[in-house]
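Please keep the sequence and the 3D view at hand while reading.

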Amino acid sequence: MPGEQKGKYGAWYCGGLQFECQQCGSCCRISGLVWVSPKEIRIISKHMEISEEEFRRSCLIKVGSGFSIGEAKDGSCLMLDSATKRCKIYEVRPEQCSSFPFWPEVLKNPVTWAKEGLLCPGMSRGKLWTYEEIEERKEED
Ligand code: SF4
């Protein structure tokens, strides 16, 4: 686009954004694909003290050439502990989860950020993430 500013000072969130997970579990109850890479499969199965084969068989679904964490009947993530509402693998959760909400589609503009914030009470509160930290997270997505 002519005249479009690139880089930090062209970004609407150049002053940073607040986000701190409140551990409410809402995002884990939304049906959708949660991609896990071969490396993540290795790390998570080790954390769960089961074989990769067992983890794939009991917790993952094959989607194309990749794997996603499966869902319970109500659409919630299989890794969500229904009693505590906490992620059972939080320390080793997939990159897709740990980079939330700094996803390109959420960071598109203030409206997409605010819209996502209707689902996530951790957005726009708590820790202030700098532009640089956000960009680093975004690239990990
Ligand atoms: S919806 Fe937001 S606050 Fe709740 S668990 Fe997910 S990231 Fe954390």
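The model is a predicted one.

**The sheet and its hairpin**

Three strands make up an open sheet, arranged in the order β2-β4-β3 with antiparallel pairing. Its edges are formed by β2 (35-36) and β3 (60-63), each of which pairs on one side only.

Strand β3 is joined to β4 (residues 66-69) by four bridges, and the two strands run antiparallel. Among the residue pairs involved, Lys-62 has Phe-67 of β4 as its bridge partner, and Ile-61 has Ser-68 of β4. The hairpin of β3 and β4 has two residues between the strands, and Gly-64 takes a positive phi near 60 degrees there.

**Helices beside the sheet**

Across β3 and β4 lies helix α2 (residues 52-59), which runs at about 80 degrees to β3. Another helix, α1, spans residues 38-48 and includes Pro-38. Is Pro-38 buried or exposed? Pro-38 counts as exposed because its relative accessibility is 60%, and the cut-off for that class is over 50%. Between Pro-38 and Phe-67 there are 8.5 Å in space, C-alpha to C-alpha, although the two are 29 residues apart in sequence. Phe-67 is the residue already described as the bridge partner of Lys-62.

**Surface and interior**

Ile-30, Leu-118 and Leu-119 together make a nonpolar surface patch of about 330 Å². Of these residues, Leu-118 is located in the loop between α4 (110-117) and β7 (123-129). With a relative accessibility of 73%, Leu-118 counts as exposed.

Ser-98 belongs to helix α3 (residues 95-98). Why does Ser-98 count as buried? Its relative accessibility is 15%, and buried means under 20%, so Ser-98 falls in that class. When residues up to four places away in sequence are not counted, Ser-98 touches Arg-93 and Arg-137.

**Salt bridges**

How many salt bridges does the structure hold? There are two salt bridges in the structure. In general, side chains of opposite charge can pair when their charged atoms come close.

| Lysine | Glutamate | N to O distance |
|---|---|---|
| Lys-127 | Glu-133 | 3.7 Å |
| Lys-138 | Glu-135 | 3.3 Å |

In the pair of Glu-133 and Lys-127, Glu-133 is partly exposed at a relative accessible area of 30%, and Lys-127 is partly exposed at 35%.

The pair of Lys-138 and Glu-135 lies in helix α5 (residues 131-140), where the two are separated by about one helical turn because they are three residues apart. Here Lys-138 is partly exposed, with a relative accessible area of 23%, whereas Glu-135 is buried, with a relative accessible area of 17%.

Conventions. Residues numbered from 1 in each chain as written. Predicted model: local features only at pLDDT ≥ 70, side-chain atom pairs only at ≥ 80, totals over all residues. Heavy atoms only, no water. Pairing = 2+ DSSP bridges. Contact = heavy atoms within 4.5 Å. Axes fitted to C-alpha atoms, helices over the stretch in contact; angles between N-to-C directions. Patch = residues over 30% accessible without salt bridge, like charges linked within 9 Å, V, L, I, M, F, W, Y side chains within 5 Å. Areas by Shrake-Rupley, 256 points an atom, 1.4 Å probe, with all protein chains shown as cover. Salt bridge = Lys/Arg side-chain N within 4 Å of Asp/Glu carboxyl O. Buried < 20%, exposed > 50% of the residue type's maximum accessible area, 1.4 Å probe, protein only.
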